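Have the model open as you read.

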Amino acid sequence: MATYKDIVYVKDSADLCHTLDIYLPTATPPPRSLLPLILYIHGGAWRTDDKQTIPSLGPSLAHHSSAIVAIPNYRLSTRAESSIRHPTHLEDVQSALHFLQSCQQLYPGHEYVDHKRIYLVGHSAGAHLATMAVLTGNAQSARGVLGIGGIYDIPGLLKTYPSYKDFVEMAFWPHQYQKASPLHRVGDEGRDIGFMLINSVEDELVGSQQAVGFAQRLIDRGYRNVTLAVRDIGGHYEQLERPEFWNLVADFVASSKK
């Protein structure tokens with residue numbers, strides 16, 4: 001295992017929100033070998049958490065998936081009047097992806113990246129950002145997208161959890177709620193990409209109706225490669241430290257190999 005911290009993915013930026021960490025499954029991969037790349041996007045309601053919230057996650061995903069794993073920070077919303085809102089979080093994620101997939105960028109492990117096997121994996125608000133990147137046509141290099149405990153329908157989320165209005169209003173203007181929801185952005189983009197939506201029955205913060213509704217919308221619109229997994233794998237954050245989750249990601253990556 002090799003780890004590289006705080007790599008700047010936006011040129012000339014001094015903002016720590018524009019840095020990412022990279023994990024290689026081995027310190028010295030075999031010469032000329034190509035490995036899948038997983039871009040993991042953290043959650044935290046678009047306002048909290050960072051790339052080190054679960055320190056064991058990057059190494060675990062790299063090891064179990066035999067993949068290069070990159071985990072970026074991105075700018076977060078606050079209560080300040082001048083705070084950023086959507087689509088700034090999404091733009092940062094797209095910048096991180098562009099940095100990683102560009103053949104012009106030199107970063108640790110870049111020579112081992114199989115650019116035909118790039119996967120977006122997101123948790124909670126990170127699942128929202130991962131799927132939005134695909135559905136808005138800004139992740140055309142992605143082979144698959146996996147969301148766990150994800151938010152895909154903002155109006156539906158507020159209907160189920162009215163108290164969540166507090167943090168949703170920090171990240172979005174009300175007129176953005178529908179257009180900024182993956183459920184309402186399903187169209188023609190990403191039809192050849194594999195989708196895997198995971199929800200734990202023990203998730204105390206985001207119920208499975210978000211994943212179920214989004215999966216059904218994708219299927220109804222003709223998306224052919226959609227997998228829904230509702231499992232008993234722990235609470236909203238606990239599940240990220242479970243081997244069951246790491247293995248689901250590994251199986252998803254392996255199943256898209258050809």
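Helices (H or I, at least four residues) and strands (E, at least two) are DSSP runs here, numbered from the N terminus. This is a predicted model, so local features need pLDDT of at least 70 and side-chain atom pairs count only at pLDDT 80 or more, while totals for chains, interfaces and linings use all residues. Residues are numbered from 1 along each chain as its sequence is written, and side-chain values use heavy atoms, with hydrogens and water left out.

Let's start inside, with helix H3, which spans residues 125-135. How many of its residues are buried (under 20% relative accessible area, with exposed meaning over 50% and partly exposed in between, using a 1.4 Å probe and protein chains only)? The count is 11 of 11. Among them are His-128, Thr-131 and Met-132. An α-helix has 3.6 residues a turn, so residues three or four places apart point the same way. After H3 comes Gly-137, with a positive phi near 80 degrees.

Now step back to His-123, which sits in strand S5 (residues 113-123). His-123 counts as buried because its relative accessible area is 1%. Leaving aside neighbours within four places in sequence, His-123 is in contact (heavy atoms within 4.5 Å) with residues that include Tyr-40, Ile-41, His-42 and Gly-43. Its contacts also include Ile-148, His-236 and Tyr-237.

Gly-144 is another one to click on, this time in strand S6 (residues 142-148). Its relative accessibility is 0%, so Gly-144 is buried as well. Not counting residues up to four places away in sequence, Gly-144 touches Ile-118, Tyr-119, Leu-120, Ile-193, Gly-194 and Phe-252.

Next, some backbone geometry. Most residues other than glycine have a negative phi, and most peptide bonds are trans. Ala-45, though not a glycine, has a positive phi of about 60 degrees. You'll find Ala-45 in the loop between strand S3 (35-41) and helix H1 (57-65), and it is buried because its relative accessible area is 13%. Ser-66 is another non-glycine residue with a positive phi, near 50 degrees. Ser-66 lies in the loop between H1 and S4, and at a relative accessible area of 42% it is partly exposed. As for the peptide bond from His-86 to Pro-87, that one is cis, with omega near 15 degrees. Pro-87 belongs to the loop between strand S4 (68-72) and helix H2 (88-101).

Patches are made of residues with over 30% relative accessible area and no salt bridge, joining like charges within 9 Å and nonpolar side chains (Val, Leu, Ile, Met, Phe, Trp, Tyr) within 5 Å. A salt bridge here is a side-chain nitrogen of Lys or Arg within 4 Å of a carboxyl oxygen of Asp or Glu. Which residues make the nonpolar surface patch of about 300 Å²? They are Val-201, Val-212, Leu-228 and Val-230. Leu-228 sits in strand S8 (residues 226-231) and is partly exposed, at 38% relative accessibility.

There's a patch of negative charge on the surface too, where Glu-202, Glu-204, Asp-232 and Glu-244 gather. Glu-204 lies in the loop between strand S7 (194-200) and helix H6 (209-220), and its relative accessible area of 51% makes it exposed.

Methods:
Accessible areas come from the Shrake-Rupley method with a 1.4 Å probe; for residues, only the protein chains shown count as cover. Lys and Arg count as positive and Asp and Glu as negative; His and the chain ends are not counted. The place of a charge is taken as NZ of Lys, CZ of Arg, CG of Asp or CD of Glu.
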